[in-house]
Amino acid sequence: KKALEGINARLALVIKSGKYSLGLKQTIRNMRTGSAKMVILSENTPPLRRSQIEYYAMLGNVKVLHYAGNNIDLGTACGKYFRVGVLSILNAGDSD
């Protein structure tokens, strides 16, 4: 619970001050071009999609964080009113 709050606070800081993109297609595009620094997956991402993203991340040397909530929680943590299954961080901004 405590760790999730820390991740949510950092994620809010990235959304406010950094660059990010939402969605599977955009995330894969960012990993292939090498612009993604980190990828966040919700816990209810389908297994095939999850393994595909992890494979691209391994090839591109990108960190993958498995978010401890479903896609509704991840969307809320991003400050959006819709579900977010996959999120890629391009520039962390003020966050660490």
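Select serine 42 in the loop between strand S2 (38-41) and helix H3 (47-60); helices (H or I, at least four residues) and strands (E, at least two) are DSSP runs, numbered from the N terminus. The model is predicted: local features need pLDDT of at least 70 and side-chain atom pairs count only at pLDDT 80 or more, while totals for chains, interfaces and linings use all residues. Residues are numbered from 1 along each chain as its sequence is written, and side-chain values use heavy atoms, leaving out hydrogens and water.

Serine 42 is buried, at a relative accessible area of 1% (buried is under 20%, exposed over 50%, partly exposed in between; 1.4 Å probe, protein chains only). Beyond four places in sequence, serine 42 is in contact (heavy atoms within 4.5 Å) with residues including Arg50, Tyr67, Asn70 and Leu74.

Next, select helix H2 (residues 24-33), where Thr27, Ile28, Asn30 and Met31 are buried. Viewed down the axis of H2, these buried residues fall within an arc of 160° (taken from the directions from the helix axis to the C-beta atoms), so they line one face of the helix. Lys25, Arg32 and Thr33 are exposed on the other side of H2. The buried residues of H2 pack against strand S1 (19-22), S2, H3 and strand S4 (86-91). Just after H2, glycine 34 has a positive phi of about 90°.

Finally, select the largest nonpolar core, which has 11 residues, among them Leu11, Tyr67, Leu74 and Ile89; such a core is a set of buried Ala, Val, Leu, Ile, Met, Phe, Trp, Tyr and Cys residues joined through side-chain atoms within 4.5 Å. Helix H1 (2-17), helix H4 (71-77) and S4 each give two or more residues to this core.
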